[in-house]
Amino acid sequence: MWLVSRSRVLSLRQFRLVISQTRDIHVTSNKLRHSKNIMAHVKENLKPQNFQYFLVLDFEATCDDNKKLHPQEIIEFPVVMLNAETLATESVFHEYVQPRVHNRLTHFCTNLTGIIQEMVDGQDHIEDVLKKYDNWMEEKLLSKGHTFAFVTCGDWDLKTMLPSQCDYFNIKKPSYFNQWINIKKEYAAATSKYPRGMPAMLEGLSLDLEGRHHSGIDDSKNITRVVVELLKKGHVFKMTGRL
């Protein structure tokens with residue numbers, strides 16, 4: 001009797017295990033089907049773009065709360081490379097930059113950006129970072145003939161900040177920085193609402209802020225998420241700014 005009871009117990013356990021596994025397979029199958037349906041819907045909405053890649057850029061620079069620094073100097077140089085067709089981030093360029101003129105970061109600057117003095121001390125100056133970036137561009141895009149567009153949150157990064165610093169230190173600026181997409185203008189074109197800034201765009205697209213606002217690399221990644229959502233909605237991007 002003990003053997004029979006034990007056998008029945010094992011059989012019951014095995015039966016329950018099979019039922020549980022079957023249920024898990026069914027749930028997984030439904031999730032995969034749902035995921036495929038979502039991807040199919042996204043692909044239907046995606047439209048051919050004018051560029052193969054978007055280069056999402058968001059500089060951080062020296063600053064103070066009670067006076068305007070002259071010159072302002074870039075202290076964080078991040079760029080996220082987004083494939084316009086697959087919506088995948090294929091590469092990231094990220095460097096901290098040592099300022100020359102105002103080489104001690106203010107408390108305001110650190111509190112705003114999260115960048116502390118040790119993160120810029122001993123780093124390359126802007127001309128060397130630009131050389132590194134040009135090498136990255138050559139490897140990832142230029143040598144392959146890929147088309148691309150920079151994406152910024154506003155016009156400040158490429159209309160004001162980089163040109164003014166290059167002029168001040170007599171640095172030759174690569175011409176590919178001379179045109180860009182202002183994501184705020186393209187968000188407005190896609191939604192009919194002009195956003196005050198990146199947090200407003202995230203909120204408007206039901207996206208949470210990831211990381212720290214005013215961290216250059218975190219802002220670049222969050223702006224990239226905005227670009228992806230607009231692409232999914234079928235928006236076709238165009239250049240909005242030129243020098």
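Contacts here are heavy atoms within 4.5 Å. Among contacts in the chain between residues at least 6 apart in sequence, 70% join residues at least 24 apart. This is a predicted model, in which local features need pLDDT of at least 70, side-chain atom pairs count only at pLDDT 80 or more, and totals for chains, interfaces and linings use all residues. Residues are numbered from 1 along each chain as its sequence is written, and side-chain values use heavy atoms, with hydrogens and water left out.

The chain contains eight helices and seven strands. These elements are DSSP runs, numbered from the N terminus: helices are H or I with at least four residues, strands are E with at least two. Of the 243 residues, 42% count as buried. Buried means under 20% relative accessible area, exposed means over 50%, and partly exposed lies in between (1.4 Å probe, protein chains only). The accessible surface of the chain is about 14,100 Å². Carbon and sulfur atoms own 51% of that surface. Areas come from the Shrake-Rupley method with a 1.4 Å probe; for residues, only the protein chains shown count as cover.

Strand S3 covers residues 74–83. All counted, 10 of its 10 residues are buried, so the strand is largely enclosed by the rest of the structure. In a regular strand the side chains alternate between the two faces of the sheet.

S3 pairs with strands S1, S2 and S4. Pairing requires at least two DSSP bridges between two strands. S1 (residues 53–57) runs antiparallel to S3 over five bridges. Within that pair, Phe54 has Leu82 as its bridge partner. S2 (residues 60–61) is also antiparallel to S3, over two bridges. Here Ala61 faces Ile74 as its opposite residue in S3. S4 (residues 89–96) pairs with S3 in the antiparallel sense over seven bridges. Val79 stands opposite Phe93 of S4. The hairpin of S3 and S4 has five residues between the strands. In that hairpin, Leu87 takes a positive phi near 65 degrees.

## Ile126 in helix H4

Where does Ile126 sit? It belongs to helix H4, residues 126–140. Ile126 has 2% relative accessibility and therefore counts as buried. Leaving out residues up to four places away in sequence, Ile126 touches Ile74, Phe77, Val97, Gln165 and Ile171. Ile74 is also the residue opposite Ala61.

## Salt bridges

Side chains of opposite charge can pair when their charged atoms come close. A salt bridge is counted when a side-chain nitrogen of Lys or Arg lies within 4 Å of a carboxyl oxygen of Asp or Glu. The count is eight. One of them joins Lys132 and Glu95, at 3.6 Å from N to O. This pair links distant parts of the chain: Lys132 lies in helix H4, Glu95 in strand S4, 37 residues apart. Lys132 is partly exposed, at 35% relative accessibility. Glu95 is buried, at 18%. Glu95, Asp124 and Lys132 are linked in a salt-bridge network.

Lys185 forms a salt bridge with Asp155, with the closest N and O atoms 3.8 Å apart. The two residues are 30 apart: Lys185 is in helix H6 (residues 183–191), and Asp155 is in the loop between strand S5 (148–152) and helix H5 (156–168). Both count as partly exposed, Lys185 at 35% and Asp155 at 22%. Glu210 bridges to Arg225, the closest N and O atoms being 3.6 Å apart. Glu210 lies in the loop between helix H7 (198–204) and helix H8 (216–232), and Arg225 in helix H8, so the pair ties together parts 15 residues apart in sequence. Glu210 is partly exposed, at 47% relative accessibility.

## Cysteines

A disulfide is a covalent bond between the sulfur atoms of two cysteines. How many disulfides does the structure hold? The structure holds zero, with the cut-off set at cysteine sulfur atoms within 2.5 Å.

Cys109 is buried, at 0% relative accessibility. Cys153 also counts as buried, at 18%.
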